[in-house]
Each structure stands twice: as structure tokens, then as C-alpha cells.
Amino acid sequence: MRVDVVTLFPELFETFLKTSFVGRAMTGGQLTARFRSPRDFGLGKHKSVDDTPYGGGSGMVMRVDVMVACMEALDTEAEAAGLPRARRVLLTPQGTPFVQSIAARFSTTPAVMLICGRYEGFDERIRGFVDEEVSLGDFVMTGGEVAAMAMIEASVRLIPGVLGNEESTHEESHGEGGLLEYPHYTRPADFRGQGVPEVLASGNHAHIAAWRRAQSMERTRTRRPDLIEHVEAAVFEKLAKARKESAG
Ligand code: SAM
């Protein structure tokens with residue numbers, strides 16, 4: 001997976017890309033990252049990347065000409081190097097909420113361009129130059145960089161071989177089953193009067209699996225009933241498909 005990042009602050013990514021499994025993915029070649037600052041395409045002696053909003057109002061707006069020049073420079077360099085053109089993703093609190101299925105899609109996309117805004121955000125006309133708009137959640141940060149790091153981390157860990165233990169991504173929350181993960185315990189067996197469920201020390205794998213499945217269901221039902229609806233809809237869909245196939 002290649003990530004092209006459009007950002008005024010590439011230095012924010014330095015430690016992130018060197019640390020833990022993201023760092024290993026970088027050295028192992030499963031992840032490559034390229035950065036370009038809109039400042040390189042800024043105007044005038046101050047290399048301005050923003051301007052005052054038409055119609056007045058507070059704050060500054062990122063200029064579309066500067067942003068698109070930066071995005072196109074990354075594409076031109078990629079093409080010259082024989083690399084695929086990146087899918088352009090605008091980071092904005094107005095975008096589609098980032099969820100595990102988007103992380104999974106990014107992890108199999110050859111190249112993704114994450115476009116980070118600052119100030120009041122982008123000139124509206126940038127929207128005609130991107131493939132999609134994604135939000136990290138229903139809150140507003142001062143820039144897109146933290147959102148970009150979150151999206152890189154969530155996507156890269158789904159690339160086979162990056163975590164070393166693929167099972168852990170299949171069973172976890174928001175995975176293929178659509179449920180929240182069951183609770184985990186490790187030593188000590190007793191912590192300030194709180195023990196560990198007996199079944200986990202029973203050695204009976206079938207019982208442990210059944211307990212974990214029940215815990216997953218219960219946890220999802222109480223914490224995220226909206227997810228249960230999706231799981232049930234998916235089960236009904238599978239059943240209907242199987243019935244249709246067996247009928248004809
Ligand atoms: N004025 C904009 C609005 O109300 O929609 C918010 C601009 S925000 C202060 C500046 C930049 O931070 C945005 O252009 C975007 O790139 C980034 N950003 C802020 N919150 C974000 C979020 N929840 N998800 C993704 N990017 C975000």
C-alpha cells in the first residue's frame with residue numbers, strides 16, 4: 001500500500017512512521033509513504049496557501065489552485081516512476097465516517113492520497129478533484145494530519161503479514177463477524193478481589209469458544225445495538241441467498 005499525503009506539516013508523521021508495526025511495515029515494504037506540502041506551490045514571496053473567504057467571515061480558506069497543483073505534482077511524480085495513480089481522499093469532518101470496511105478497502109487499494117486541510121478548510125471547488133471525502137468522526141480537529149495517521153494505522157494493520165498474527169484481526173471488534181470482541185483476561189488470577197471467569201481456565205476449547213461468542217453478542221447488544229441490527233441483516237441476507245440458490 002502506498003500513501004501520498006498532502007500536508008503542511010509532514011514532520012508530524014516522522015515518529016509515527018518509524019514506530020511499532022507501522023515502522024516495520026515501512027521497512028518491510030508493505031507500506032510506502034510520500035509527502036508533499038502545499039507550501040511548495042504557494043503564491044508570492046510568502047508562499048501563501050490560503051486566502052480570505054469570499055463573502056467575508058472569520059478564518060482563512062485553503063486555495064484550490066495551490067491544493068490541486070500539489071495533488072497533481074504527486075500524480076505526475078508517481079506516473080514518471082511507473083507507480084499507480086493514487087485514489088484521492090479529502091479529509092473533512094463533512095465526509096463519510098471512517099469505519100473498518102473503509103480501512104479494509106484502503107488496505108487493498110494500491111495507492112491512496114490523503115489530503116489534509118487546515119484553517120477553515122478547503123475552497124469548495126476542491127471537491128471536483130477528489131474521489132471521495134472521509135471523516136474521522138463527528139468532531140472537528142484543527143487539521144487532517146491526525147485523521148490521516150489514524151486511517152493509515154487502521155488500514156496497514158489489515159495488510160496480510162503486517163501484524164504477524166492474522167487471526168487477531170479476524171476476531172476483533174468491527175471485524176468480519178460485525179460484533180464487538182469478547183473480554184480478555186491475563187495474570188494475575190485475582191486482582192483486588194476480581195477473579196477470572198472459570199470457563200477460561202477449564203481447558204475446554206468448545207466451552208471457551210461458546211462463552212466468547214455469547215459475551216461478544218451480549219457486549220454488542222448492550223454497548224452497540226446498532227451493530228447487532230447490521231449483523232442480523234447480514235445473517236438474513238445470507239439465509240435468503242442460500243434459499244434462493246437451493247430453490248433454483
Ligand atoms: N470549517 C470546517 C467545517 O466546519 O467543516 C472544519 C475545518 S477544520 C478546522 C480544518 C481541517 O481539519 C479540515 O479541512 C480537515 O482536513 C481536518 N479535519 C478536522 N476535523 C476532521 C475530521 N473529523 N475528520 C477528518 N478531517 C478533519
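## Burial of Residues

A residue is called buried when its relative accessible area is under 20%, exposed when it is over 50%, and partly exposed in between. In this predicted model, Phe 35 has a relative accessible area of 27% and is therefore partly exposed. Phe 13, at 1% relative accessibility, counts as buried. Across the protein, buried residues make up 38% of the 248 residues.

## Overall Form

The protein contains 7 helices and 7 strands. Read from the N terminus, its elements follow the order β-α-β-β-β-α-β-α-β-β-α-α-α-α. The protein is divided into two parts: domain 1 covers residues 2–156, and domain 2 covers residues 173–247. The centres of these domains, taken over C-alpha atoms, are separated by 36 Å.

The radius of gyration of the protein is 23 Å, whereas a compact globule of 248 residues would have a value near 18 Å. Along the principal axes, the C-alpha atoms fill a box of roughly 70 × 55 × 45 Å. The protein exposes about 14,900 Å², and carbon and sulfur atoms supply 54% of this area. Among contacts between residues at least 6 apart in sequence, 71% join residues that are at least 24 apart.

## Aromatic Pairs

The structure holds 2 aromatic pairs. In one of them, the ring centres of Phe 13 and Phe 35 are 5.1 Å apart and the ring planes stand at 55°, so the pair is tilted. This pair links distant parts of the chain, as its residues are 22 residues apart. Phe 13 lies in the loop between strand E1 (2–6) and helix H1 (20–28), while Phe 35 belongs to strand E2 (residues 32–36).

Phe 98 and Phe 106 have ring centres 6.1 Å apart and planes at 35°, so this pair is tilted.

## The Buried Side of Helix H3

Phe 106 also forms part of helix H3 (residues 100–107), where Ile 102, Ala 103, Phe 106 and Ser 107 are buried. These residues cover an arc of only 140° around the axis, which puts them on the same side of H3. An α-helix has 3.6 residues a turn, so residues three or four places apart point the same way.

The buried residues of H3 pack against strand E5 (87–97), strand E6 (111–115) and strand E7 (132–135), and also against helix H4 (145–156).

Note on methods
Residues numbered from 1 in each chain as written. Predicted model: local features only at pLDDT ≥ 70, side-chain atom pairs only at ≥ 80, totals over all residues. Heavy atoms only, no water. Phe/Tyr/Trp six-rings, centres within 6.5 Å; stacked < 30°, edge-to-face > 60°. Helix = DSSP H or I, 4+ residues; strand = E, 2+ residues; numbered from the N terminus. Buried < 20%, exposed > 50% of the residue type's maximum accessible area, 1.4 Å probe, protein only. Arc of directions from axis to C-beta. Contact = heavy atoms within 4.5 Å. Domains from an automatic or database assignment. Rg over C-alpha atoms; globule rule 2.2 N^0.38 Å. Areas by Shrake-Rupley, 256 points an atom, 1.4 Å probe, with all protein chains shown as cover.
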